[in-house]
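The structure comes first, followed by notes grouped by topic.

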Amino acid sequence: MTKRLFDILVSIFLLTLLSPILILISIIIKIVSRKGPIIFIAKRAGLKGKEFNLLKFRTMNISKKRKEKITRHKEKITRHNDKRIFWFGLILRKIMLDETPQLINVLFGEMSIVGPRAEDISIVKKYYTKKNLQTLNVRPGIISPGSIFNYTHSHLYLDEFKIEKSYVKKLLPIKLSMESIYIQRMNFFYDLKLIYLAIFIVTKKLLGFKGLHELEEFKIAKKNIKLKFFKN
């Protein structure tokens, strides 16, 4: 109850506070990339695996092919420095403002401010094990150990030529292990810590500081799963 109340109050506060910025972002997206919607809708697995529409600001140009319009092609995973991302979209991704429409998902009860990263519904159906499905026992969140790790480390694990295969075999197991750690530890103060970490890491990156921030959850996950592709 406390977590849900926190989600409602924070989402209302941030949507009100950021409304001028969100309107400005919407206008710029339409100017920079005229074809396509302002908001990109992604099918994600929510609480108990229920499918929901996750909202994001669109950061990619729409393909000219009719079969692929309003989609990010057939690929579910975005490459690092993907050529489909327009310049303003790249800025939004860098400062994670493309995720801000998810505050609406939070307000509607489909997501939480902090919770396991919402995964593509097709990847959940195709690749999740019975143990992995346990991460769907709580509402997905905008911020989580897995989402922070994805923001800082994903480029180290994804093969540009085998994007989905490398994601599923290399990156996804780490993220899911980290999300499991979150579920085991989840409480109000842990959520506040993750919010602080997310703001700190994004700010650090914007200021040009190099080097990867190693989360405690990653170190634990690294010990929990034996994977030969872990980076040293």
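The axes of α1 and helix α2 (residues 87-94) cross at roughly 145° and come within 9 Å. Axes are lines fitted to C-alpha atoms, for helices over the stretch in contact, and angles run from 0 to 180 degrees between N-to-C directions. The model is predicted: local features need pLDDT of at least 70, side-chain atom pairs count only at pLDDT 80 or more, and totals for chains, interfaces and linings use all residues. Residues are numbered from 1 along each chain as its sequence is written, and side-chain values use heavy atoms, with hydrogens and water left out.

**Packing of α1 with α2**
- From α1, the residues I25, I28, I29 and V32 meet W87, F88 and L92 of α2, where contact means heavy atoms within 4.5 Å.
- By class, this contact of α1 with α2 has seven nonpolar, no polar and no charged residues.
- Ala, Val, Leu, Ile, Met, Phe, Trp, Tyr, Cys and Pro count as nonpolar, Asp, Glu, Lys and Arg as charged, and the others, Gly among them, as polar.
- Helices (H or I, at least four residues) and strands (E, at least two) are DSSP runs, numbered from the N terminus.

**Packing of α5 with α7**
- Helix α5 (residues 145-157) packs with α7 at an angle of about 10°, and their axes are 10 Å apart.
- α5 and α7 are therefore roughly parallel to each other; angles under 35 degrees count as roughly parallel, over 145 as roughly antiparallel, 65 to 115 as roughly perpendicular and the rest as oblique.
- P145, I148, Y151 and T152 of α5 touch Y190, L194, L197, A198, I201, V202 and K205 of α7.
- The contact of α5 with α7 has nine nonpolar, one polar and one charged residues.

**Packing of α6 with α8**
- Between α6 and helix α8 (residues 216-224) the packing angle is about 115°, with the axes 9 Å apart.
- That angle makes α6 roughly perpendicular to α8.
- α6 contributes I174, S177, M178, I181 and R185 to the contact, and α8 contributes E216, E217, F218, I220, A221 and N224.
- By class, the contact of α6 with α8 has six nonpolar, two polar and three charged residues.

**Second largest pocket**
- The second largest pocket holds about 520 Å³ of space.
- On a 1 Å grid over the protein atoms alone, a cavity is a set of points where a 1.4 Å probe fits but cannot get out, and a pocket is an open set with protein on both sides within 12 Å along at least five of seven lines; lining residues have an atom within 4 Å of a point.
- Grid points are joined across faces, edges and corners, and a volume is the space filled by probe spheres set on the points.
- Its lining has 18 residues, of which L14, M96, T100, I143 and I199 lie nearest the centre.
- α1 (2-32), β4 (141-143) and α7 (188-206) each supply at least two residues of this lining, and α7 gives the largest share, six residues.

**Largest cavity**
- The count comes to three cavities of 30 Å³ or more, and the largest cavity holds about 110 Å³ of space.
- Of the 15 residues lining the largest cavity, P116, R117, E119, Y128 and T135 lie nearest its centre.
- Helix α6 (residues 163-185) supplies the largest share of that lining, four residues.
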